[in-house]
Amino acid sequence: AAKSSRPFSAWIGPSAPWRPEVQLPDPVELGDLLEPFSRRGIDLGLDRLHQALAAGGHPEQRFPAVQVAGTNGKGSICTALGAILQAAGLKAGLYRSPHLISWCERIAIGDQWIAGQQLRSLLQRWQPTGQQHQLTPFELLTAVAMDHFAATQVDLAVLEVGLGGRLDATTCHPNRPVLGIANIGLDHREHLGSTLEAIAAEKAGIFHTGAVAFSAPQQDSVAQVLEQQAKQRGCQLHWVEPLTADVPLGLAGSWQRSNGAVALAMAQELARQGWTISDQAMAQGLAQAQWSGRLQRRQWRGQPVLIDGAHNPPAAEGLRRELNQLAPGQPRHWLLGIQRHKDGPAIVRALMAPGDRAWMVPIEGCRSWQASELNIPGVHDSPSAEQALEQLWPAACEPVIAGSLYLLGQLWPTLEPPAEG
């Protein structure tokens with residue numbers, strides 16, 4: 001594995017102009033076109049989508065792409081890289097998941113979400129092919145995204161892996177010369193394996209001959225697997241160190257220093273391969289990137305609150321470290337919703353500190369953990385998120401809503417931007 005040698009200080013330019021908070025698209029009803037994820041479950045594999053894309057005229061062959069895998073941070077890497085490409089004047093498609101309030105959040109070109117009616121029309125067009133090849137909902141959405149990117153003639157697409165990597169639908173794309181790996185931790189063990197090494201091997205399944213990959217720092221056992229898999233698959237693997245504190249980032253949280261470094265390294269490699277991406281565009285993109293629901297300040301009825309998905313133990317540990325830096329020794333109030341298939345006890349223990357109080361709430365449409373099952377001091381059950389919100393104030397410092405992006409999506413219509421914008 002080789003290390004990137006270019007000093008980050010060489011490209012830092014003047015501060016990028018301020019951008020208003022990104023506005024999420026309106027919700028769009030797709031229940032008649034997408035089978036519920038809970039009904040089909042996770043069904044990984046590439047054959048179904050390969051066949052469906054062939055039947056649909058191979059839209060995935062009409063544009064190049066980059067791909068990002070990992071456990072935590074892959075969406076942030078895609079967002080930062082997408083912002084860089086936009087700042088460079090490139091027409092870049094972004095395919096990310098999950099969404100907060102609208103399916104349209106999953107597919108965008110630059111900072112323009114796909115329109116709700118356009119998404120419905122594409123899903124309707126792909127229905128017969130999807131049914132014939134028994135596509136999962138995620139595979140169907142992936143086919144639609146590739147069709148949309150091909151039809152709009154994007155210069156490049158940025159693809160976030162949905163789950164794993166080796167058998168993820170996005171890996172069906174045949175032209176992925178540059179790859180990114182976010183932090184890898186224990187999550188989705190029921191599908192990817194019970195150990196870090198097994199999960200890392202699945203994530204490394206995106207490596208392929210001739211590709212250039214960049215990874216954030218990893219645990220030693222994970223790094224060994226990635227290096228071994230890269231060598232076996234003929235892929236160059238480069239390690240990147242977190243960006244220094246003097247690099248302006250639009251995404252909040254110290255962990256974004258690693259995610260931003262991967263996005264930057266991918267952009268630099270694209271420039272080396274011939275794409276017109278200036279240092280100024282890289283600086284501007286990193287400074288202006290926005291990704292809703294990730295360590296974000298909001299308000300509820302005029303009261304300040306922090307929100308972050310933090311839906312697995314590694315993410316919960318990172319959020320706790322960040323809060324300790326923001327307000328050392330200050331107890332927190334929490335509103336938590338955690339899906340039943342997640343490691344609820346580990347997530348709550350990672351988030352809670354002495355003196356903290358938390359209210360566990362159900363997530364709409366999901367089986368959720370209850371405080372009575374956790375038996376952790378200071379954690380209580382609340383019948384609804386709305387009632388729990390009433391309990392969060394007064395507090396020593398900003399309360400936090402966390403545990404699931406689905407919970408944030410459920411509460412999003414009740415939350416407002418901070419008063420200062």
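These questions and answers walk through a predicted model.

Biologist: How many aromatic pairs does the model hold?
Modeller: Rings count as a pair if their centres lie within 6.5 Å. Under this rule the count is three.

Biologist: Take Trp300 and Trp393. Is the pair stacked or edge-to-face?
Modeller: The ring centres are 5.7 Å apart. The planes meet at 5°. Planes under 30 degrees apart count as stacked. So the pair of Trp300 and Trp393 is stacked.

Biologist: How many residues apart are Trp300 and Trp393?
Modeller: Trp300 is in strand β10, residues 296-300. Trp393 is in the loop between α14 (385-391) and β15 (400-402). The pair thus links distant parts of the chain, and the two are apart by 93 residues.

Biologist: Are Trp300 and Trp393 buried or exposed?
Modeller: The cut-off for burial is under 20% relative accessible area. Trp300 and Trp393 both fall in that class: buried.

Biologist: Which ring does the charged end of Arg340 sit over?
Modeller: Two such placements can be described. The charged end of Arg298 sits over the ring of Trp412, 4.3 Å from its centre. For Arg340 the distance to the ring centre is 3.9 Å, and the ring is that of Trp369.

Biologist: In β7, which residue is the bridge partner of Ala69?
Modeller: Strand β2, residues 65-69, pairs with β7 in the parallel sense over four bridges. In β7, the partner of Ala69 is Ile181.

Biologist: Is Trp275 buried or partly exposed?
Modeller: Trp275 lies in the loop between α9 (256-272) and α10 (279-288). Beyond residues up to four places away in sequence, Trp275 touches Pro64, Leu90, Asp155, Leu156 and Leu270. Its relative accessibility is 23%, so Trp275 counts as partly exposed.

Biologist: Which helices do the buried residues of α10 pack against?
Modeller: The buried residues of α10 include Ala281, Met282, Leu286 and Gln288. Ala283 and Gly285 in α10 are buried too. The buried residues of α10 pack against α3 (74-87) and α9.

Key: Residues are numbered from 1 along each chain as its sequence is written. This is a predicted model: local features need pLDDT of at least 70, side-chain atom pairs count only at pLDDT 80 or more; totals for chains, interfaces and linings use all residues. Side-chain values use heavy atoms; hydrogens and water are left out. Rings of Phe, Tyr and Trp (its six-membered ring) pair if their centres lie within 6.5 Å; planes under 30 degrees apart count as stacked, over 60 as edge-to-face and the rest as tilted. Buried means under 20% relative accessible area, exposed over 50%, partly exposed in between (1.4 Å probe, protein chains only). A charge sits over a ring if NZ of Lys or CZ of Arg is within 6 Å of the ring centre and within 35 degrees of the ring normal. Two strands pair if DSSP finds at least two bridges between them. Contact means heavy atoms within 4.5 Å.
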